[in-house]
Amino acid sequence: DLSSGINAEYGEVFAMSSSHLIQQLSLKILNNVETLKKKLTQDKKYSYSCLDVLAALGLIQHCLNGCCNGPRKLVCNLALEVARQGKTLSSDENMVFVNVFRRIEVITEYQSKVKAACDTSYMYWHRSIAPVYFAHIFTNPTLAPNLQYFFAGLADCRNPILSMKHLDSDADKLEMFVTDVKEYFQSEIIVPLCTEIETDLRLSTHSHLQLDDRNPLKYGMKNISTLLETPPIRFFDSFIDIKKDVTHYLDSTFYNLTTVALHDWRSYAVMRNLAHQKYGLEMIEAHLPSQTIEQGIDVLEIMRNIHIFVSRFSYNLNNQLFVEQSSNNKHLNTINIRHIANSIRTHGTGIMNTTINFTFQYLRKKFFVFSQFLYDDHIYSRLVKDARFFKEHKEELDQCYPYDKADKFNRGIRKLGLTPDGLSFLDQFRILITHIGNAMGYIRMIRSGGIHACANAIRFVPDLDDIVNLEELAKEEELPQDTVQAAAILDSVLENLTKNFAEGTAYFKMLVDVFTTSMRSPKNQHLKNFYMIIPPLTLNYVEQMMNGKEKINKKNKLGAAFTDDGFSMGIAYILKLLDQYSAFDSLHWFQSVNSKFNNEEKAVKESRRGASDVKLDQTNTLTMKRLDEYRQEFELLYYSLSSARIFFRTDVEDIPVEVEQTPLGGNATPAASSNAGPA
């Protein structure tokens, strides 16, 4: 408290000189008393009243010859009053006695008087002034050194607090008061100070942006560094350290925000350095795993929003990447194996199984919509009719499903209605299958990214085929138990990495097995003709891809695309679930498309030979160019579908070997030869 501070600062000097002062003052009184006694004894009018005065003066001499405590001072004052009654003291002599005795009283009672004068226990009943005072200190930081005196004054509230009777525990009484004051301090000084420093650091770090004018000559500026330079303040049994609290707040804020957006780690590192240089704050490094420049979208974000991801990104089978379909920015986001591997390195390999579970839940919902579409009477009856037609006229059609039949289905379904975006039911069904294929492509990328991450993690192991057991070696060397446990953990990590790197996980097989039973059950008989809708679906897909590639070079790029192999993945996956590979191969659909284009090319060439009109020749040239583009799109679709079927191959019988199933525009070769796509 304040009295203790005063005693601590001046107590030693005063204690050393107080006895000398009292002796000097006592000597002055004794000399005056001796003079008065001589005066009285020499007086001719000596009487009995003078005898009482002499006795009183003698008593004063006797009291002043010892220590000057309370009883002696009281006796001296009483004796002085007796001496005054005899009218033997003049006014000057009386004033001398009064002044000297007053000085002695001040010297002997200064500690108690200082303590009473410095007692600020009344602040307990007026603690509402604390938030007002703290706000005033924050507004005027130059007054920050006065905070220690304010808290010293609050410490005097201990006695009235302990005198309360409505609480049994003294600790609880003090804790409630301390908590209230600290909350005021936190809300009026710490919180606004932290906010102001954080804002200043952010504005200084992003000074390259167009920000408001921060000229201190125009708008003024508070020197908040004075608050940070305030030494720790003792308050009862604890300390209040403003600099430490601000540092802790900034450390926590920067760490939490870095975990949310790891790509911003560099900005927060700059802010830490700036806080040290500008405010002298010793901050802690986050030590979070930094992301690469091409980190891309995080796996966790994709997993939680898998339904949005598969609808906004297009899959490329050969390069194993996803490309954003459209964006308001000048660039499109891409996701490839390196991005997935970096995310797995950040979050751990356990995220892979969680991703599979999320994808399973998503596919289950999509297959319900898939089943509902094929269960529709218009679709089901049309597929049954086309299947019966092909079965009855197979020989006449040379075992090839007619192109015109598929084109009629594609155009005729538009009569059933269109969405506000101009999409037919077949367009929506194609998009549904594409979303399913994108989900499977994402699973493939997760597996490849996991293997890539495991390869990077295990590259420091000298020989994967000969990994020693560190736990046994530690036990043989009789190392401490903690070391043995650490060796056992390292052994399990190496075993897990080796297993994942060598074998991987057959995620495709898992997702095939989990749906096969229900998809092939008798209650889903309406799915058995799914293979018949693939020809019109491929026509619809090729038209959509042609339109997308044409929009790439146009100003309005809405709907532009150069790849969408999710459709091929979806078709291959569903055919495997329904066990309709052989049924689809029996249509010889791509051979039929090849024949269709060959016939049209022949017709155009014959038209060229007999035509002399320039406009007709230009029309034929454009027609040939259009046919080549369509042929190329069908070839890409055929190769993509053949490659996608490899992912779901379980034995050799799944590989198509019909000679008729040829790449468009090429010689007849076994379809298995085209399965050289990426696995």
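The accessible surface of the protein chain comes to about 38,500 Å², and 53% of that area belongs to carbon and sulfur atoms; such areas come from the Shrake-Rupley method with a 1.4 Å probe, and for residues only the protein chains shown count as cover. The model is a predicted one, in which local features need pLDDT of at least 70 and side-chain atom pairs count only at pLDDT 80 or more, while totals for chains, interfaces and linings use all residues. Residues are numbered from 1 along each chain as its sequence is written, and side-chain values use heavy atoms, with hydrogens and water left out.

The chain holds 28 helices and five strands, taken as DSSP runs numbered from the N terminus (helices H or I, at least four residues; strands E, at least two). Of its 679 residues, 41% are buried, where buried means under 20% relative accessible area, exposed over 50%, and partly exposed in between (1.4 Å probe, protein chains only).

**Salt bridges**

The whole structure contains 16 salt bridges, each defined as a side-chain nitrogen of Lys or Arg within 4 Å of a carboxyl oxygen of Asp or Glu. Three of them are listed here.

| Pair | Closest N and O atoms |
|---|---|
| Arg-414 and Asp-427 | 3.7 Å |
| Lys-509 and Asp-513 | 2.9 Å |
| Lys-549 and Glu-633 | 2.4 Å |

Lys-549 lies in helix H24 and Glu-633 in helix H28 (residues 614-647), so this pair ties together parts that are 84 residues apart in sequence; Lys-549 is partly exposed at 28% relative accessible area, whereas Glu-633 is buried at 5%. Lys-509 and Asp-513, by contrast, are four residues apart in helix H23, and therefore separated by about one helical turn. In the remaining pair of the table, Arg-414 is partly exposed at 38% and Asp-427 is buried at 7%.

**An interior residue**

Phe-530 sits in the loop between helix H23 (507-519) and helix H24 (534-552), and it counts as buried because its relative accessible area is 0%. Leaving aside residues up to four places away in sequence, its contacts (heavy atoms within 4.5 Å) include Phe-370, Phe-429, Ile-571 and Gln-580.

**Surface patches**

Patches are made of residues with over 30% relative accessible area and no salt bridge, like charges being joined within 9 Å and nonpolar side chains (Val, Leu, Ile, Met, Phe, Trp, Tyr) within 5 Å. Ile-489, Leu-490 and Val-493 form a nonpolar patch with about 250 Å² of accessible area together, and Leu-490 of this group is found in helix H22.
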